[in-house]
Amino acid sequence: MTTLKIGIVGCGVGGMAAALALARHGHAVTLLEAFEQARPVGSGLLLQPTGLAALRALQLEDAARATGAPVRELIGHDSKGRRVMALDYGDWRPGAHGVGIHRAALFDVLHAPLAPAGVEIVTGARITRLVDPARPVLHDEAGRSFGPFDIVLVADGSASTLRGALKPRARAPVYPWGAVWTNIADPNERFAGALRQVYHRAEVMCGALPVGKGPGGEQNCTAVFWSVPVAGIDAFLAGDFSAWRDRRLAPLWPELAQAFSNHDDWSGFSRAIYRDVSVGRWDVGACALIGDAAHGTSPQLGQGGNLALVDAVELADRLAASPSPTALKGWQADRRRHTGLYQLASKALTPLFQSRGWFWPWLRTFAFTPTSRLPGFRQAGVRLLTGTLRLGRFPRVSKP
């Protein structure tokens, strides 16, 4: 077997999954992380059947399930109590479900096997320059160089600093709407079993996702988010917490507001912003973008981590069959048939849930919601949720 020397920039979900998969295929992998200590960013995410299949290929599915929580439904209501969305995994396959997991827990699941697999992890290496995409060398802000590599994978997220060097015409505008996130204890499991959301017009979207163990090992945690225009996040978090809880959250979702009864400030909340990434082809020479650096979207469909996991495992399989940088072209062409559909769907659906004005919530109430309940449309919606909707050939890993 040909051993390739592979450099990976970024210690997120896609970067770690690719590093592990490639190292286990016998390649010499160097994982470069900007922070002095690699750490997760964000709160909860929902692992779909596609992401779980990728973790199964990495022999990590059981570890993820042990720390996460099963999610069998996605349920959404508006502020008038009308059911906007009801997607049941059982409509896709009996007994199917996703797994809500805290990002810190998923980070630990992916990070722990890296060193035993032979991955060289270099922290404090903020890569600022890439020289010669055909035989790439990476340079960090401290003046160090790494390489040359046979292949470089850029996995530094939707706000990638290297994407412009590879794809100067790439676009990654920030979505107008972001969110604030936190975790709450749910000892009575009031929010178990489903991702629940409440909408006020399209200007407020609040959600609760069971994630199992918290970042400190706490049991029965739920990740809670509240959408906020990006331009107003700082002002939002500088406001009165009690006023938000009692005057804004409680009228929409009394049970969730009660879960914050012992909170009196914004401690534990974090910001999240999102980008709509468009790059065309992901590969240039012996380099390729992967995960959110290649195809970041709004969080409306919650597919970012799952798509990154599939990217990683599919690439490792492709390089096992053809251990050469030329394999990047076929890999990205095949993956774009999957990721492109989700980019398009995310862009189309986001205004229905995060926007200002009356038109989009009106369209959601009187057109999208009734239509989505019709036979055929409901099954298509569930396949979109599970990550298994795709044009063309399914990737091997997407089969549960």
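Predicted model: local features only at pLDDT ≥ 70, side-chain atom pairs only at ≥ 80, totals over all residues.
Local features need pLDDT of at least 70, side-chain atom pairs count only at pLDDT 80 or more, and totals for chains, interfaces and linings use all residues. Residues are numbered from 1 along each chain as its sequence is written, and side-chain values use heavy atoms, without hydrogens and water.

Helices (H or I, at least four residues) and strands (E, at least two) are DSSP runs, numbered from the N terminus. Two strands pair if DSSP finds at least two bridges between them. Six strands form an open sheet with mixed pairing, in the order S7-S2-S1-S11-S18-S17. Its edge strands, S7 (120–122) and S17 (283–284), each pair on one side only. Strand S11 (residues 151–154) runs parallel to strand S18 (residues 287–289), with three bridges between them; Val154 has Leu289 in S18 as its bridge partner.

Helix H1 (residues 13–24) lies across S1 (5–9), S2 (28–32) and S11, at about 165° to S2. Angles run from 0 to 180 degrees between N-to-C directions, and axes are lines fitted to C-alpha atoms, for helices over the stretch in contact (heavy atoms within 4.5 Å).

In the loop between S10 (145–146) and S11 sits Pro148. The peptide bond from Gly147 to Pro148 is cis, with omega near 5°.

Two non-glycine residues have positive phi.
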